[in-house]
Amino acid sequence: MKPSGPSRRAVLAGASGASAASLALAGAHPATSQTAPPAPGADMAVTLEVNGRSHALTIDPRQTLLDTLREELALTGSKKGCDHGQCGACTVHVDGRRVLACLALTASVAGRPITTIEGLAGPGGDLHPMQTAFIEHDAFQCGYCTPGQIMSAVGCVKEGHAGSAAEIAEYMSGNLCRCAAYPNIVAAIEDAKSRMDVA
Amino acid sequence: MRPFDYRSAADPTAAARMGSSAAEPAYLAGGTTLVDLMKLDVMRPRTVIDINGLAPDWGKVEADSRGLRLGALARMSDVAADPVVRRDYPAIAQSLDLAASAQLRNMASLGGNVLQRTRCTYFRDVSWKACNKRTPGSGCAALEGVNRTHAVLGVSASCIATYPGDLAVALIALDAAVSLVGPDGARSMAFADLHREPKDKPQVETNLRPGELIVGFSVPAGPWTRRSVYTKVRDRQSYEFALASAAVALEMDGDTVRSARIALGGVATKPWRAREAESLLAGARLTEDLAQKAGRAAFIGAVTHGGNDYKPRLGAATVARALLEAQALEIAA
């Protein structure tokens, strides 16, 4: 779809002062654009195992797991917040461990089992106890950080670090919530922990 | 991010060969520093060499009567959770627990962790022209810039960037050694010799040779390792770099210090051993007064730059607190 109005790029190009200077810097290295063909870094074939399904893909080596999930596999539940490993919105599981998809090169996780928020519910669509607890405890407002919070929370419980509210706060500190739903998130995790222990 | 060739190394020899012959290479383990800095255009490797295939050999944690051996590809979270590390080398476990976030600790390797790059904002933001570490000879924007988080020990006129890590502080306090493999074979060195002060070459941060890889770390056993702590002071309670930190290991005879090992983080350009403070303590009765005196001794050579004028006082208090916490530790027989 073509935008009818002026594009963001055109608007930026017309700006002056500091932003023009930074644009000139970016313009000197057109290869930094995601769409430019990689000169030395040829595309590579990888197989990704996501939520129990195999995907044969041809990727640019620069692709992070987060971009591959969102742009190639249309799994947009994993969110791009900071894109620098500081906010936790992109948290997924690789080999059953919670990691940050924005700092994982896709090529480095090829062949390893990956679970995203889309793969957390049971085969029949039954919500994971953590998802249910987040709903029941109203553990979100805007919801943008929620998929990352839930994936991280499942990891937190499985690692055995959900023993108290203080321990949960410490071991969930890599997931920021700018709506500050933290008390409800902690309550949801404490509740889900008892349900996961039973399961 | 700039284009690069992605390669995987199946064994250490192949990795070291690639790392010494490929064009502008960088090793990839956890990727938590490298991918971040590639996105920021601070690191620009043309070849990324994935060494995670070496993990079965290099991911181990082993302890016996001689000491502790940590593989370079062991992940921070796994080492922090190891019961022997927690019981016998608590400063190491605490330095890992208090670092980064749970997700980052699941990703990051020990070898990559000790080699993580500074958080100096001028280094990380390429729109600043002056950074001798990034562009040798360009100057240092931090000297007269916003330098609240910058180093006060080991600084030079070229660079005051703080070494940001935690684990390295515990390792240097505990007299660790680091083993390496490179294109010319294996060698080992004192961990204290791995990092360099910036002096007039802040772009050279370690004494690693081209292509050399960290294989692992060894920490000698001793009666002080169980009586060790890592104390970290920061702007928020969790998930933040140290403004000041201290790793302390004590060998006590009642209230008298037989030997003290003290290292500092968050205040120096490299993992910093505080020998002046240690020598004050040896043979003396450890009181709160002496702990504070030792803390101040650790910062006698401090040089501040305005924003970080508070650091010698904060650092001294951190050392004192760590000493008293180590003294108070109850150690099971």
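In this predicted model, chain B meets chain A through 25 residues of its own, which are in contact with 33 residues of chain A. Chain A is itself divided into domain 1 (44-119) and domain 2 (129-198). One residue of chain B, B:Pro25, is followed up at the end; it is found in strand β2 of that chain.

**Chain B against chain A**
- The contact involves 25 residues on chain B and 33 on chain A.
- On the chain B side, the elements that give two or more residues are β1 (5-8), α2 (34-39) and α7 (102-107).
- α7(B) gives the most to this side, with 5 residues.
- By class, the chain B side has 10 nonpolar, 8 polar and 7 charged residues.

**Chain A: overall build**
- Chain A holds 7 helices and 5 strands.
- Read from the N terminus, the order of its elements is α-α-β-β-α-β-β-β-α-α-α-α.
- Chain A has 199 residues, and 39% of them count as buried.
- Take the contacts in chain A with a separation of 6 or more: 55% of them are between residues 24 or more positions apart.

**Chain A: domain 1 against domain 2**
- Domain 1 covers residues 44-119, and domain 2 covers residues 129-198.
- The C-alpha centres of the two domains of chain A lie 21 Å apart.
- Across the boundary, 14 residues of domain 1 are in contact with 11 residues of domain 2.
- On the domain 1 side, β3 (91-94) and β4 (97-100) of chain A each supply at least two residues.
- β3(A) gives the most to that side, with 3 residues.
- The domain 1 side divides into 5 nonpolar, 6 polar and 3 charged residues.

**A closer look at B:Pro25**
- B:Pro25 sits in strand β2 of chain B, which spans residues 25-28.
- Why does B:Pro25 count as buried? B:Pro25 has 21 C-beta neighbours inside 10 Å, and a residue is buried if 20 or more other C-beta atoms lie within 10 Å of its own.
- Leaving out residues up to four places away in sequence, B:Pro25 touches B:Met18, B:Gly19, B:Pro45, B:Thr47 and B:Ile49.
- B:Ser127 is 102 residues away from B:Pro25 in sequence. In space, the two are 24 Å apart, C-alpha to C-alpha.

Definitions and conventions
Residues are numbered from 1 along each chain as its sequence is written. Chains are lettered from A and ligands numbered from 1 in the order in which they are written. This is a predicted model: local features need pLDDT of at least 70, side-chain atom pairs count only at pLDDT 80 or more; totals for chains, interfaces and linings use all residues. Two residues are in contact if their C-beta atoms, placed from the backbone, lie within 7 Å. Helices (H or I, at least four residues) and strands (E, at least two) are DSSP runs, numbered from the N terminus. Ala, Val, Leu, Ile, Met, Phe, Trp, Tyr, Cys and Pro count as nonpolar, Asp, Glu, Lys and Arg as charged, and the others, Gly among them, as polar. Domain bounds come from an automatic or database domain assignment. A residue is buried if 20 or more other C-beta atoms lie within 10 Å of its own, exposed if 12 or fewer, and partly exposed in between; C-beta atoms are placed from the backbone.
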